[in-house]
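Q: Could you walk me through this one, feature by feature? I'd like to learn how to read it for myself.

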Amino acid sequence: VDGLRVDWPEYPPYFLHDCFFDFSEPARALAGKLGMDFEGMRREAQAQWELLHGGLTDRKLEELAAKKPGGLAGMPWVKFKQVMVTRLFEKLRGAMDGEAGGKSKQLVPGVFPPPWSFISGMDYRRVALYASAISVKLYTMHWPVMLRFYADELKAANPGLSDGALARSLERVLGLRDEGALKLDEYRYPEPEEAHPAGERRMRERIEFARKQAGRTPVYAIAHGYGPVEDFRRRFRVAARSSPHGVWVNR
């Protein structure tokens, strides 16, 4: 065994409501130990939740989308998620080095790319202190369906929102394509023979961001094998050119 690859050691934000974890009792206890204002963080998250679930118009949604998604990482309740995720790695590395006597073994997480990492609790800089390398997932078949999940939840909570505003705003925040938004109903899980609606510049920017944040810790892009050969070749080429340390291929 050369090491352990830990899959999604964060709060996977597949659905919009997933982004609002974690206010559990264990989280409350940890916040108390760290001297963090748990109730204040919960109120802040609740205000964000209420805005998104009933407080949106097309104009308000587009105003929110114009803000940089990286700003989420500065909110106290999101910083707390980063603390919890980092503590997980601290404990994993400690268990490997200590109890298991595995200081020579690698610890490699497989994680979400930005902008999802901003809300998942994945802070590349902190995690890089404990990880031997970081694998960043270019699972581009997931991206359009995640956008659609968010759109469906927002529309159900704000019936007045238009499909056009949802597509434009979420495309602006998530940045899937290099140019322009698709129609909302075109954001879905691609069939095996369909190319993935992920722009090459957008994929490259995600890996470059992770590499910059991780410093000397190697970053590997993970290219997913799902999809037609020509599209896989396109996505693999971006991954290989963006990841000088190497590329993982999933499936």
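Q: Let's start with a strand: what is the bridge partner of Arg5 in S2?
A: First the general idea: strands of a sheet pair through backbone hydrogen bonds, either parallel or antiparallel. Here, in a predicted model, Arg5 has Val108 as its bridge partner in S2. S1 and S2 (residues 106-111) run parallel and are joined by five bridges.

Q: In what order do the five strands of the open sheet come?
A: Read across, the order is S1-S2-S3-S4-S5, with parallel pairing. Strand S1 (3-7) and strand S5 (247-250) are the edges, each pairing on one side only. On average, neighbouring strands are turned by 25° against each other, direction ignored.

Q: Which helix lies across S1 and S2?
A: That's H4 (residues 76-97), running at about 155° to S2. Helix H10 (residues 229-242) lies across S3, S4 and S5, at about 180° to S4.

Q: Is Phe38 buried or exposed?
A: Buried, at 6% relative accessible area, while Phe23 is partly exposed at 22%.

Q: And where does the charged end of Arg5 sit?
A: Over the ring of Trp248, 5.4 Å from its centre.

Methods. Residues numbered from 1 in each chain as written. Predicted model: local features only at pLDDT ≥ 70, side-chain atom pairs only at ≥ 80, totals over all residues. Heavy atoms only, no water. Pairing = 2+ DSSP bridges. Helix = DSSP H or I, 4+ residues; strand = E, 2+ residues; numbered from the N terminus. Axes fitted to C-alpha atoms, helices over the stretch in contact; angles between N-to-C directions. Contact = heavy atoms within 4.5 Å. Buried < 20%, exposed > 50% of the residue type's maximum accessible area, 1.4 Å probe, protein only. Lys NZ or Arg CZ within 6 Å of the ring centre and 35° of its normal.
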